[in-house]
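Please open the model in your viewer and keep the selection tool at hand, since this tour moves from ring pairs to the nonpolar cores.

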Amino acid sequence: MRTSLSSVIVLGFAFALLPVLSLQAQQEPTFLVPVEMKDQVLRGSVAVAQHENEGMIGINGKGTDAGYKVETVTPGGPASNAGISSGDLILSVDGVSLKSLSTTDALKAIARKKEGETANLMFVRNGETKTASVVVVLRKNFLKNDPSWQQESKSPPGVSQLIFGGSAGVLAQLAESEQYPSDVFLKVYVASKDAVPFAPDDTKFFILDGTGQQLRHVSLDEIKYGIQLQVAQNWKGGNYPPPPPPSPQRQYTISGVQNGNYTITDLGGGIGSVSGTSNSTYTVTQQPDYNQLGYSLGLAIRRYRDAKSDKKLIEQAKEAIASWEGPYFKSQSPVVPGENRGGVIMYWTGSSRRPQPPFRVVFFLTDPRSQKEEHVTLAFGPGAERIKEETANQSAAIATPSQAKAQVSLTNGDVIGLVKAGISGEIIIAKIKIASCSFETSPTALKELKDAGVPDNVILAMVQAPGN
């Protein structure tokens, strides 16, 4: 079994990339390119382009406090040929310790090497410390015949991150479509390796565009309702406007060819009268009112047509709902170990305004073991590097000594600022749950919060904040 990009980089989570948005079948969507932030890995064509010239030795595992734990080794690969086995704990590469490094950082020393260079590993097996020299190969050469690598090169760009201590992972892609200019489509995949079953609540998946505004999550029920409403608005049901008034002029025709006594007086409509004699029977018939006849005929045609049209309309509505139901992300049931769940979620600006990049995608996911909420922030589109810098600066501030850490604690002013910026109460509460807090909750302060428009549920979260 060869080691694919998904197993080498994403550490065993084989995210199955869904087909291009089936609900967008009439027009190809445009997938936005993400940036790779700390502990994240690019996926799809952008990953192949970025990582194809990196070095690799054909192992897969995860970073731990003790070192890099090898889980799988590609048969016939450099590591296998050098005697590395699954279960080995790599302590260092070229003398540089791998202890306490994240999974994505542990093998960067190998990734920086060129084809044919050697990586000197120190590892532990069954309590015994060993060494091995492994010849590095370029990823594009090692995986050139690997089906997963070939599929990856043709897949839309995305980005992934491990969650819950590496027992699960999340991958996201973001797309726009000219067919829906006010929307963006989030393609999200959640994979569990051996995590306790957990619920991926999609109401805690947020997207903010370049203006700082939160895009509105559109549920599948809302989409179904919109389709059903469209059916109701276009349903004919045989109700038509009344016929037009009769034509003011009427015309008559005379049948008969023999001479005789006959009299035709006023024909109406300004037509003159004729008189004469005849031994035969002559009849005078009124010509049809072609306006009325045309309307009646058209009415019958429309009624027949609309009976078929209504049936077709219902069938199209069912097909449309099915086309959304299939790929839409399902969050009702827990993700179980070994499961790989993917789907699409629509987000809307709430008006005809087009969403502007860069996009910040934020997932809040609850670790089923500790019940603590983890959050994943991803960045997509032109200008996403700015989000990467902001996130790095925030991480650096959190990692500074206690005095600096105290300076980044959430305060009443921070919450008021978030409310005035239009951030939803759900996002603010989620932030309160994971941030260091220093709130003033005296009666006077609570009144000031209320006067500033802070929602009651946010004020309650501030009062209940553990670090407050």
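Rings of Phe, Tyr and Trp, the last taken by its six-membered ring, are counted as a pair if their centres lie within 6.5 Å. With that in mind, select Y180, F185, W324 and Y328 in this predicted model, and you will have a cluster linked by ring pairs.

A search of the whole structure finds 8 aromatic pairs. Select F205 and F329 next: these two form a tilted pair, with 5.9 Å from centre to centre and 50° between the planes. Because F205 lies in strand β14 (residues 205-208) while F329 sits in the loop between α9 (290-325) and β20 (340-348), the pair ties together parts that are 124 residues apart in sequence. F205 and F329 are both buried.

F206 and F364 are each buried.

For the next stop, select L174, L186, V188, I207, F363 and F380, which have the most contacts inside the largest nonpolar core, a set of 43 residues. Strand β13 (residues 180-192) gives the most to this core, contributing 5 residues. Centre the view on F363 and, leaving aside residues up to four places away in sequence, you will find that F363 touches several residues, including V170, A172, L186, V188, F205 and H375. Finally, select F206, V415, V419 and I459, which are among the 23 residues of another core that lies apart from the largest one.

How values were computed. Residues numbered from 1 in each chain as written. Predicted model: local features only at pLDDT ≥ 70, side-chain atom pairs only at ≥ 80, totals over all residues. Heavy atoms only, no water. Phe/Tyr/Trp six-rings, centres within 6.5 Å; stacked < 30°, edge-to-face > 60°. Helix = DSSP H or I, 4+ residues; strand = E, 2+ residues; numbered from the N terminus. Buried < 20%, exposed > 50% of the residue type's maximum accessible area, 1.4 Å probe, protein only. Core = buried A, V, L, I, M, F, W, Y, C linked by side-chain atoms within 4.5 Å. Contact = heavy atoms within 4.5 Å.
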